[in-house]
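I opened this model to work through its helices, its sheet and its surface. My entries follow in the order I looked things up.

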Amino acid sequence: MLRAISLLFALIAAANCDQLSVLYAPKAVEFSGNSRLDAEALPEVFGATLGYSVSLPTEWDGMIIKDPFNTANGAVVVVAEGLESVTVEGAKSYQLDGNTGSVALSELIQKSADHQGVSFEVDLKESSDNFATPLGTVQPDDEEVKPQHLKPKSNKADSDFLRQIAFLNGLSDLLVTSTDRIPTVHIVRVSFEALVAAHEPNSPALEEAKKLFVNALAGLETASEKAFDGAVIVGLVTASEGQLVVRSKRQATQPKQDEVDDNPMNLADKYNGNYPVMFNIILWFSVVLVFSLIAISIVIGTMDPGRDSIIYRMTSTRMKKDN
């Protein structure tokens, strides 16, 4: 009896958990296995693919960095709020322990800022006619979608969802055509909450919405791959309880060059993240230069001009006679 109850609780826990799906990853990073991942570790996973110094959970073996010198240059993460899982063909999926992954992803933007990266986070549910990004203004895609089961004219939830899909397609178009510096981290939130509340589970309308969403994800994946020349990771995170979580919102976060020190008693100079790199370059170059100078001085000081110098070797010591 106890075993049956434990199995029942395990099935309930497995059925009510969020999911991470990796749609695309660079060749230097390999995702394998099916072990569960702590939702709080999501920023560490995406940060590791970007080459950041992170501390991944030791018990999670789902990712292998095969080439640390050719990691991703960008990360595009889509958060589907209101869904427990989304099936994407060809994606590698992992179940998440906990439902705080949506909030934890905001830490990825801070990690990018610490590494002098430009990032942005947008909630498409709150976008009206357009929204601004470091790349420019994103307009909804003009391509008209004619759904069979969604009723945008009579159902506001359906209309709002289709508008989010249009914005997602518009972001894909902007990524492909942009020639400016592309932000390192993109976090795009798509809300299914109103749609799930308006339709029955597994209803034709909800299934059609998921299909439209997956198609938009495929377009975003292709656009991201082209924009970053393949050096990008594209991920999907579901957040079943996204509407219950109070999350912080950041728009177009950029690294701060001049930060005010909170401690007025700290009189030391403030250095940026490049200081250790420059210090090591100058230090070891100076060490090599000093030892090279010592070696050259010793060689010159102990040199025998008659035997070691090429000048004396090329000079004849015998006098030539005129005939």
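**Entry 1: the annotated span.** I started with residues 281-303, whose end C-alpha atoms lie 33 Å apart. The span is 91% helix and 0% strand. Helices (H or I, at least four residues) and strands (E, at least two) are DSSP runs, numbered from the N terminus. UniProt, in an unreviewed entry, places the feature "transmembrane region" at residues 281-303. UniProt positions are in the numbering used here, feature names are shortened, and annotations may be inferred rather than shown by experiment.

**Ground rules.** This is a predicted model, so I note that local features need pLDDT of at least 70, side-chain atom pairs count only at pLDDT 80 or more, and totals for chains, interfaces and linings use all residues. Residues are numbered from 1 along each chain as its sequence is written, and side-chain values use heavy atoms, with hydrogens and water left out.

**Entry 2: a nonpolar patch.** I looked up the surface next. Y271, Y275, F279, L283, W284, V287, V290, F291, I294 and I298 form a nonpolar patch there, with about 1000 Å² of accessible area together. Patches take residues with over 30% relative accessible area and no salt bridge; like charges are joined within 9 Å, nonpolar side chains (Val, Leu, Ile, Met, Phe, Trp, Tyr) within 5 Å. A salt bridge is a side-chain nitrogen of Lys or Arg within 4 Å of a carboxyl oxygen of Asp or Glu. Areas come from the Shrake-Rupley method with a 1.4 Å probe; for residues, only the protein chains shown count as cover.

I picked F291, which is found in helix 8 (residues 275-301). F291 counts as exposed because its relative accessibility is 57%. The cut-offs: buried is under 20% relative accessible area, exposed over 50%, partly exposed in between (1.4 Å probe, protein chains only).

Entry 3: What is the strand order of the open sheet? I read 3-6-1-11-5-10-7, seven strands with mixed pairing. Strand 3 (37-38) and strand 7 (119-123) stand at the edges with a single partner strand each, so one side of each lacks a neighbour in the sheet. Two strands pair if DSSP finds at least two bridges between them.

I then traced the pairs:
- Strand 1 (residues 19-24) pairs with strand 11 in the antiparallel sense over four bridges. S21 stands opposite L236, and Y24 has V234 as its bridge partner.
- Strand 1 also pairs with strand 6 (residues 92-97), antiparallel, over four bridges. Here the partner of S21 is S93.
- Strand 5 (residues 74-81) and strand 11 pair in the parallel sense over eight bridges. G74 stands opposite V232.
- Strand 7 and strand 10 (residues 185-191) are parallel over five bridges. V122 is partnered by V188.

**Entry 4: cover on the strands.** Is strand 11 enclosed or open? Eight of the eight residues of strand 11 (residues 232-239) are buried, so the strand is largely enclosed by the rest of the structure. V232, V234, L236 and T238 cover one face, with I233, G235, V237 and A239 on the other. Strand 1 is mostly covered too, with six of its six residues buried.

**Entry 5: helix 7 and two loops.** Helix 7 (residues 204-227) has 24 residues and should span 34 Å at 1.5 Å a residue; its end C-alpha atoms are 35 Å apart, which agrees. The expected span is 1.5 Å times one less than the number of residues. D229 lies in the loop between helix 7 and strand 11. D229 is not a glycine, yet its phi is positive, about 55 degrees. D229 is exposed, at 71% relative accessible area.

Q116 also has a positive phi, about 60 degrees, and is not a glycine. Q116 sits in the loop between helix 4 (106-114) and strand 7. At 35% relative accessibility, Q116 counts as partly exposed.
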